[in-house]
Amino acid sequence: TVRLEQTPLLEGAVVAIENRTGYVLAMVGGYNFGRSKFNRATQALRQIGSTFKPILYTAAIDRGLTPATLLVDEPHAFDAGAGQPPYTPRNYDGKFDGPLTLRTALERSRNIPAVLTMEMLGPAQVAPYVERFGLPGPMPPYLSSALGAGESTLLALASAYSAFPNHGVRMDPVDVLSVADREGVLLEEHTPAAHDALRADTAYVMTSLLRGVVQRGTAASANALNWPLAGKTGTVNDYTDAWFMGFDPEITLGVWLGYDEKKPIGNGETGTTAALPIWIDIMKAYLEGRDRDNPPAFEPPANIVFVPVNRHTGQPVDAGAPDAIQEAFITGTQPTR
């Protein structure tokens with residue numbers, strides 16, 4: 001037998017959802033049910049950090065921005081209102097990358113471009129997406145909401161993310177299919193309920209962007225699984241909460257770590273370092289027995305076009321040019337030479 005010398009105080013939660021149906025395939029609500037009956041997957045409202053950025057950029061894509069749109073990552077002081085000091089967000093590493101595409105800003109989880117995008121759109125334009133994605137609301141009408149100042153449960157956030165691979169349709173999570181009495185008489189039956197969270201073309205562009213997070217960004221360690229994956233890391237101020245929300249074409253899997261009392265997990269314990277390794281271990285188990293030679297695919301709608309662009313500038317280039325990537329655009333928004 002194996003016995004822990006010290007009972008861990010750090011808590012965590014896991015949820016896996018089938019994208020097409022909303023069926024809850026797996027759930028972990030904490031370290032030990034005997035120690036605490038509180039289900040952190042369904043009951044804990046926590047700030048979601050950078051896992052909110054895909055919601056923000058969904059609003060941006062709907063309003064004409066593209067993965068190749070240039071944003072600026074540089075020091076900026078935002079007006080916080082009368083009598084308030086300026087709002088001066090910083091990046092996790094304390095550095096600034098200058099001009100970069102929307103894709104790169106999301107892949108690297110840069111904070112300044114996200115806040116600039118929120119300022120450009122206006123919080124009032126972004127707030128309705130919180131409801132459309134099924135997140136607890138309302139969204140605080142501040143620029144800091146771009147960095148995940150709002151709260152959600154893990155289950156609600158996993159349900160929101162499942163809309164990206166499901167062509168923009170979000171299914172209500174279903175954790176009980178039916179209830180029958182001892183004679184087998186059906187007392188309750190639950191069927192999936194669908195909600196149009198976003199357009200199918202926007203959903204595909206966002207899926208493509210979130211694939212880049214796994215291929216080149218803050219979740220690059222998951223790329224070693226050699227499977228079609230997409231997702232986003234999340235870290236809350238002072239390292240109080242660590243998230244990773246990720247999906248393949250069939251399931252969405254979310255991981256959260258933190259203390260019940262809101263306090264730092266530890267210096268440098270980010271979504272990348274704390275939550276993502278757990279997510280990878282679970283995905284490895286999920287992939288056992290799958291046909292690795294014939295993985296499922298994220299299917300683009302008919303109005304998606306692919307254009308080779310320079311990943312740093314967003315400008316169209318020849319397909320074989322240095323730093324060229326095949327970028328996904330909604331027809332009519334692609335750049336021209």
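Let's start at the second largest pocket, whose lining has seven nonpolar, five polar and three charged residues. (Ala, Val, Leu, Ile, Met, Phe, Trp, Tyr, Cys and Pro count as nonpolar, Asp, Glu, Lys and Arg as charged, and the others, Gly among them, as polar.)

Before you click on, note that this is a predicted model, in which local features need pLDDT of at least 70 and side-chain atom pairs pLDDT 80 or more, while totals for chains, interfaces and linings use all residues. Residues are numbered from 1 along each chain as its sequence is written, and side-chain values use heavy atoms, without hydrogens and water.

**Stop 1: the second largest pocket.** Select Tyr204, Ser208, Arg211, Gln215 and Gln326, which lie nearest the centre among its 15 lining residues. A pocket here is an open set of points on a 1 Å grid over the protein atoms alone, where a 1.4 Å probe fits, with protein on both sides within 12 Å along at least five of seven lines; lining residues have an atom within 4 Å of a point. Now colour α6 (200–215), which gives the largest share of this lining, six residues. Helices (H or I, at least four residues) and strands (E, at least two) are DSSP runs, numbered from the N terminus.

**Stop 2: the largest pocket.** Next, select Ser50, Tyr92, Asn111, Thr235 and Asn237, the residues nearest the centre of the largest pocket. Its lining divides into seven nonpolar, 16 polar and seven charged residues. Strand β11 (230–235) provides the largest share, four residues.

**Stop 3: helix α4.** Go to residues 123–132 and pick out Pro123, Val126, Tyr129 and Val130, which are buried. These four lie on the same side of α4 because they cover an arc of only 110° around the axis, judged by the directions from the helix axis to the C-beta atoms. Buried means under 20% relative accessible area and exposed over 50%, with partly exposed in between (1.4 Å probe, protein chains only). Show α1 (53–62) and α3 (111–121) too: the buried residues of α4 pack against them, with contact meaning heavy atoms within 4.5 Å. Turn to the face away from the buried side to find exposed Ala124 and Glu131.

**Stop 4: two loops.** Most residues other than glycine have a negative phi. Ser109, in the loop between α2 (102–107) and α3, has a positive phi of about 55°. Asn226, in the loop between α6 and β11, also has a positive phi, near 55°. Which of them is buried, and which exposed? Ser109 is buried, at 13% relative accessible area, whereas Asn226 is exposed, at 64%.
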